[in-house]
Amino acid sequence: MEQLQHKSHSHPLTFVEELEDDDVCCDVCKELISGPCYSCDTCKYFLHESCAKLPMEITDHPLHPHHTLRIFYHHHELPCFFCKRIIEGFLYGCKDCFFLLDINCSHTSWRKVQQRIQHRTHNTSLYISKPGIFSCDACGVKHKGKSYLCTCGIMVNKTCYNSPKSFQHDDHEHSLVLADCLPFEDFKFQNKCEICHEMLSREYWTYYCKKCGYFIHLKCAKLKTKLSSESQLQIDEDNLVTLPPSDESIDPITLFIKKISGQGNYERVAEFNHPSHVHPLIFSDDQSKAPIWNNARHVEQCNGCAVPILAPFYHCAETECRFFLHECCARLPNQLQLPSHHEHTLELDTKLSIGGECCRICKEYGNIFMYTCSTCKYMIDCKCASLAGIIKHEAHQHALVWQKIEYKKYCSLCTKFFESNVFACDSCGFNVCPNCAMLRRVMRHRYDEHPFRLAYSPSHLDADEFYCEICEKEMDPKVRFYHCTECDQSSHPNCISPLLQYPNWKFGIIIKASLHPHLLTLVKDPKKGTSCEKCDMTLEYPNYKCETCGFWIHIDCFEGKDYSEWIVMSLLQ
């Protein structure tokens, strides 16, 4: 009897020629099973034979050629990028930019895009079909009437069929060329339409300028200019928070945290006890005494918000204890009433999370201070809880409003998907996610003497040869980056400051857990190929390490019984 050990299930699956019950759905694609399949009788778990043999990874998918898509299971309701339907269970996803495809669309979309690539080589004429309602394969919009039909199955409405092969758009200095399927070299990054700011797909026709990397949807080419700002709010921009702050020493998030912490409305004390720490905390407003680097050459972080520590701040009175709090983080209110969760009051939770908690706004896991709702388990980190109101960002000409969005939107600076709150300009479709909004104007790398400044367009560089100086990987010229003018070097934000990769984690935390005899330290990046001692899976994210014997464990592999008697320390390594 043939058996299969599939990664989606803990028990071996047995091959079955045909099920007796004809009302069973596959646990991967959610479609009814008819014919051969694999099953686990113990758990009533079933897979189509084809689904059981799906590749774990897809490289060079025509809809997402620049990153590898991996199959995984997700508990949240997420829309498929191709068909827009909500995905239930397994999907193919990109961990770098949240691109998602359901199992069926991972194959049907491939065929449809390949069909368009095939169509480019056809020399035969299109013929006119009978009237009907159809979805145009050029613009993606539904039309009623006759269509132009090719023998390969492409259906195009009359207007799109008669689109010029090139034209001059009012918003761009060069002529734009029509492509029915962009070549891979022109679509290796996630490109946005310069008119509507929505993401492009190789599935539909596009006008583009190869020299400048300028792209617009075919349907948007009919618009004479970018979406107007007629609905732009009348705002006194002189009194708005401007990001990034002109003062290079200021971390942007502290501007917002100070607003909710009531700074200036309390009496500053030289020493006090904070519920997050067992020892007294001492005040310091001398930046020269702020330990920017510890003995391991790691950036010292605030235990409240994980941002590098800057004056004024509090530190532990014990010399060996590396515990720090910004003054504003030390004075966060115990309760908050927020528009994002107006039903209940949120309570401040300063207890360290061993395995990390997920913020409902930015979707980042971490162990920093959180605001929680005990009634409905709503939870956001203290940084996102402080974001509110209207800002002015140097990357956009209009004011941006902090708002909850009804459906997923791309951040205009990093091109990643966000489904909760963003700073948005409704009139232009320009959005900035919390992580990009909080980037500092200037960053320093510990091995470089010059500062790197935040930039948005490498106008001085050839977009075909744009690489990160640190990781040496090719960079998307449309995504924000840091640049050193003295050395003419550019870098990904996460490379110049690795803490940005895990913005909500305070590293260096040391715990004692019952599952291991030695102390365990929370570290950022495990050595490549290292496996978890408990689940034997490869380590990729923040994990706990034993400095004594080299023991490693996933943060997710801690169970309640494992740290029922744990102690937390912030010791100098």
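Tutor: Two strands count as paired if DSSP finds at least two bridges between them. Helices (H or I, at least four residues) and strands (E, at least two) are DSSP runs, numbered from the N terminus. This is a predicted model, in which local features need pLDDT of at least 70, side-chain atom pairs count only at pLDDT 80 or more, and totals for chains, interfaces and linings use all residues. Residues are numbered from 1 along each chain as its sequence is written, while side-chain values use heavy atoms, with hydrogens and water left out.

Student: What makes E15 and E16 a pair of strands?

Tutor: Strand E15 (residues 175-179) and strand E16 (residues 206-209) share 3 bridges in the antiparallel sense, which meets the requirement for pairing. Within this pair, Leu178 stands opposite Tyr207 in E16.

Student: Which sheet do these strands belong to, and what is its order?

Tutor: They are part of an open sheet of 4 strands, ordered E14-E15-E16-E17 with antiparallel pairing. The twist averages 30° from one strand to the next.

Student: What makes E14 and E17 edge strands?

Tutor: Strand E14 (166-168) and strand E17 (214-217) each pair on one side only.

Student: Tyr214 sits in E17. How do you know whether Tyr214 is buried or exposed?

Tutor: Look at the relative accessible area: buried means under 20%, exposed over 50%, and partly exposed in between (1.4 Å probe, protein chains only). Tyr214 has 7%, so Tyr214 is buried.

Student: What does Tyr214 touch, leaving aside neighbours within four places in sequence?

Tutor: Contact means heavy atoms within 4.5 Å, and the partners of Tyr214 include Leu176, Tyr207, Tyr208 and Lys478.

Student: Why is the pair Arg268 and Glu327 called a salt bridge?

Tutor: The term asks for a side-chain nitrogen of Lys or Arg within 4 Å of a carboxyl oxygen of Asp or Glu. Here the N to O distance is 2.7 Å, so the pair qualifies. Arg268 is in the loop between H4 and strand E19 (271-272), and Glu327 is in helix H5 (residues 327-330), 59 residues apart. Arg268 is partly exposed at 45% relative accessibility, whereas Glu327 is buried at 1%.

Student: How many salt bridges are found in the whole structure?

Tutor: The search finds 6. One of them joins Lys53 and Glu49, whose closest N and O atoms are 3.6 Å apart; that value falls within the cut-off, so the name applies. Lys53 is exposed, since its 52% is over the limit for that class. Glu49, at 27%, is partly exposed.

Student: What makes Glu394 and Arg441 a link between separate parts of the chain?

Tutor: Their side chains form a salt bridge at 3.0 Å, N to O. Glu394 lies in the loop between strand E29 (390-393) and strand E30 (399-404), and Arg441 in the loop between helix H7 (434-437) and strand E35 (442-443), so the pair ties together parts 47 residues apart in sequence.

Student: Why is helix H4 described as mostly covered?

Tutor: H4 (residues 252-261) has 7 buried residues out of its 10. Among them are Ile253, Phe256 and Ile260.

Student: And what makes a set of residues a nonpolar core?

Tutor: Its members are buried Ala, Val, Leu, Ile, Met, Phe, Trp, Tyr and Cys residues joined through side-chain atoms within 4.5 Å. The largest core has 61 residues, and Phe256 and Leu332 are among those that touch the most other members. Not counting residues up to four places away in sequence, Leu332 touches residues including Ile257, Ile260 and Tyr371. A second, separate core of 36 residues includes Leu19, Cys40, Leu54 and Ile71.

Definitions and conventions: Axes fitted to C-alpha atoms, helices over the stretch in contact; angles between N-to-C directions.
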